[in-house]
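Welcome! Here is a short briefing to read alongside the sequence and the 3D view. Take a look at the model, and then we will go through it topic by topic.

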Amino acid sequence: MKVHLFSQCMVDMFYPQVGSAAIEVLERLGCEVIVPKNQVCCGQPLINTGYTDAAKAAVKQTIATFEEAEVVVSLSGSCAFAIRDEYQKVLADEPQWLRRAEKVAGRLHEWTAFLVDVLGVTDVGARLPGRLAYHQSCHVTRLLGVREAPLTLLSHVRDLQMVPLQNADRCCGFGGTFAVKKSAVSELIVEDKARAVINSGADILCGADQACLMNIAGMLERMRDQGIYDRDIRVMHIAEVLNSR
Amino acid sequence: MVDAQAKARFLKKISNALGRVTLPTTVVHPGCGQAAQEARLERLSQESLINVFARGCAERGADLRPALASQVCAVVAEAIASFGGGRVMYPQVEEIATYGLEKLAAIDGVSFVPWDLARPPADNITLAEAAQIGLTFPLRGIADTGTVIQHSDAKQARSISLLPIAHISILRQSDLRMTMTETMLELRQNISDNDLRHVVHISGPSTTGDIENVIVTGVHGPVHECVVLVTDC
Amino acid sequence: MGILYHQEMSFEERVEAAKQNDFARKATAAATDGFVARKAMVTAKEPEWADFRRAAADLRAHVLDHLDFYLNQFIEQASANGSQVHFGADASEVGRTVLDIFERHAATRVVKSKSMVSEEVDINRTLRTAGMDVTETDLGEWILQLDDWDAPSHIIGPALHKDIHTIYDLFVANGYDGPKDAYAMTKFARAKLREKFLEADIGITGCNFAIAETGAVTIMTNEGNGRMVTSLPKVHIVLMGMERLVPTLSDLDVLMQVFVRSAVGTKISSYLSMTVGPRKPDEQDGPEEVHVIIIDNGRSDILAGPYKDMLRCIRCGACQNICPVYHHLTGHPYGSIYEGPMGIVLTPLLVGYEKAGDLPYVSTLCGACTDHCPVHIPLHELILQHRKDVAAARGTASAEARVYAAAGQVLAHPSLYRAATGVGAPVMQAMSLLGHRRGRLDARWQALPVLGNWVRRRNLPLLQGKKLRDVMRDNKRGDQRG
């Protein structure tokens, strides 16, 4: 199956290894993966701050980049939600673009949902010894409704022990520009999330949205630097976990 | 009583907001929730009414005492004793004679005092305010939530079930329903038939958690709620 | 109180102040977590829960679509029952109407049951300015009153932010001489407030739900103060938000299956008082006059616009209980009597963007509120709609709009993006060498705009010299044709 990958600007800029891992997993499962070089950003940071018009350029660029693809897989739940649900509101006043957006929306899958629901795979043959706490990102869980797929995939990773994470589906406090515009509030929320991760006893924090992971990792690292706790907690995107052998 | 012009002005703004100029004369109610109401009734009806009521009362902290009609007086006497006796205020209704409750007056330490319509209202309220126990005969009960539905009229004044420290209801099992769905339908009829002006659903004693979330029983309403369920009526 | 308070402080200052109140934060977190947990427990045993939510949502939507009809029905029925119905287009009309009633009865002493709309129209200030003796009777509200009319912090538990020591001191200042425990203190409140109930001339309540077909108003409390206020004083004034209406008693049942569960996680509250009208001539207690003041105060404007669904709100507080922002901030930083998700949607609608245009940004758009709303209000979508309307109101010429427009271009054009990140990566690399953690930006950079807000409390990874697209190109993978 030929798959066009929407990598997420954050993965492209800060965490290319996550993108590479996701591609390897897909290739191992028999997919031919294209990473269109014209993709930049889904436009979500602008959409979510209310600057819909300013977002249109990025929105249209994304549509144009992916509209010829049969299958589009997004590595980020929040981007998938933006493309699938928000684009049609942004383009409500441009019927032609709206149709094109609907076309892309119809072919778009979040990465874990793609593996389980489209490829029909629950065991990718991964192995990763460790104790893993899974953060359930808001977009993936509540807004896209992808609740089972990530957990199913993780449950088949050999030697991996899942540990419960308190309030796993509570927001990490990133919220896009919220993280810097209302940083005082964002810090309170992510600190709580980091404490939950520390208290869970996990040595791996995993999630399906790299923005959340960047946020929580940033707080976890700072807390470690400050001596608040003292053990290694690796922060891994689910693609990296599933690519472990 | 309402100022017709003020009303017209007020409603017009709303009609306009809804995109119209005049008030609709009829509306078809879509009847939401009937399926859920039926499903709930069916599920709860797997158990007996009295079992569900017992659980409902326990959840709400209401003290349930089933009794045959012939035992009601004795059971009420026990409940009065458990609340420390004292003044018991009652409505001058026929149920008092039906259950032989006038015998309660003879109990040591109990003064059995009616809400006497011949007395000035202020005096009745003062008596109720200082009473240990208020006794009433509610219209209906709801098993699911441990509720008694107490109406008010001249004889069953609001104060009787409200002001004393403890409230004892005497409810006939034939007036007990499984859910609020049934009681709301019947209440509608009752309000209209009897020109009722006030009805209160009572589900357990008065509580608050406003001081550091500590649940305290007995704030403004009664500290104790007791339901005597007359099982053969 | 009015809707807004603590406006002399900026939002950031209010957040700072809230952060200092360790007790309030812990108490709010514990209370809201408790409400959520209890709700989950109760509803887990009820397979009909989802259907009742759907039914409640549909019911509220139906009422709003026919609000003029159902209000008219309510008014006719209530009038037929002997109640007097008035209209409050805005806060000042409500105030005048209330004072009129007081004047006609030469009344001075009033007891109040908790009512958000009464705070919205600032009725306490109106009454107190006119020299009336006002007593809030909900224990939480009374505590706030004793503390110089402090602002509520949660729809259901307004005094969540007060610890027992503070409350004890307030009680002592008002004649309490018992121990510092909730039981004894509550008993004191019971006695003190009972005096007030018995001597009050007028009782003022809000209205949880009015019933159109019977012309009745319902008030729910656990404490029983709602019963007292509606039974003892000779005059009962109901302040009713015009949207707080259901067509029939059967509809009330549907709403009751979602309301209290969503608020505090129990099936029902201790008391549901239904006032159909004033007492009959042969009754000895109950109000001789019932006045219902139906309040607009901006609601008809909301009804006409894209935020109409917000009027479905039944003021249960479920959204506050589940919101991660509210959880950590507590109520006061919002600076509005309406806090949390419902507050940041409703407040700007009532007071405008000039005064409350920042509130819609106090959210991560996580969607938990929408998930929990018993009447399916799409709260996170309405919050986003506000942001769009705020941006539109600011116009494209504002400084922020221009920054975002520029960002929008960079994020849309691969060449601009490549150029920006190509510059950014080595700069960040150099910056990180100055810190003590390799490959990260740390707190050293907190004075920087934007980035500084991140690195104050969180490490920031670096822009990679080789982005994913570069790796793809190097390995000759991916779509090189673009």
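Which residue stands opposite B:L229 in β12(B)? The residue facing B:L229 there is B:P66. Before going further, please note that this is a predicted model, in which local features need pLDDT of at least 70 and side-chain atom pairs count only at pLDDT 80 or more, while totals for chains, interfaces and linings use all residues. Residues are numbered from 1 along each chain as its sequence is written, chains are lettered from A and ligands numbered from 1 in the order in which they are written, and side-chain values use heavy atoms, with hydrogens and water left out.

**Strands in chain B**

- Strand β1 of chain B, residues 63–67, pairs with β12(B) in the parallel sense over five bridges (two strands pair if DSSP finds at least two bridges between them).
- Strand β7 of chain B, residues 166–172, also pairs with β12(B) in the parallel sense, over seven bridges.
- In β12(B), B:C226 has B:I168 opposite.

**Cysteines**

- A disulfide is a covalent bond between the sulfur atoms of two cysteines.
- Over all chains, the structure holds zero disulfides (pairs of cysteine sulfur atoms within 2.5 Å).
- B:C226 is in no disulfide, and the nearest cysteine sulfur, that of B:C57, is 9.2 Å away.
- B:C226 is buried, with a relative accessible area of 0%.
- C:C313 is in no disulfide either, and the nearest cysteine sulfur, that of C:C319, is 6.5 Å away.
- C:C313 is buried as well, with a relative accessible area of 7%.

**Chain A as a whole**

- Chain A has 13 helices and eight strands.
- Its radius of gyration (taken over C-alpha atoms) is 18 Å, close to the 18 Å from the globule rule (2.2 Å times the number of residues to the power 0.38) for 245 residues, so chain A is as compact as a globular protein of that length.
- Along the principal axes, the C-alpha atoms of chain A fill a box of roughly 55 × 45 × 25 Å.
- Of the 245 residues in chain A, 69% are buried.
- Among contacts (heavy atoms within 4.5 Å) in chain A with a separation of 6 or more, 80% come from residues 24 or more positions apart.

**A closer look at A:T112**

- A:T112 sits in helix α7 of chain A, residues 111–118.
- A:T112 is buried, with a relative accessible area of 0%.
- Leaving out residues up to four places away in sequence, A:T112 touches A:V146, A:A149, A:P150, A:L153 and A:I238.

**How the chains meet**

- Two pairs of chains are in contact, and chains B and C share the most contacts.
- No contact joins chain A and chain B, and their closest C-alpha atoms lie 22 Å apart.
- Between chain C and chain A, 74 residues of chain C are in contact with 66 residues of chain A.
- About 6200 Å² is buried between chain C and chain A (the accessible area, with a 1.4 Å probe, that two parts lose on being put together, summed over both), and carbon and sulfur atoms give 58% of this area.
- C:R457, C:R458 and C:L468 supply 13% of the area that chain C buries against chain A, more than any other three residues.

How values were computed: Buried < 20%, exposed > 50% of the residue type's maximum accessible area, 1.4 Å probe, protein only. Helix = DSSP H or I, 4+ residues; strand = E, 2+ residues; numbered from the N terminus.
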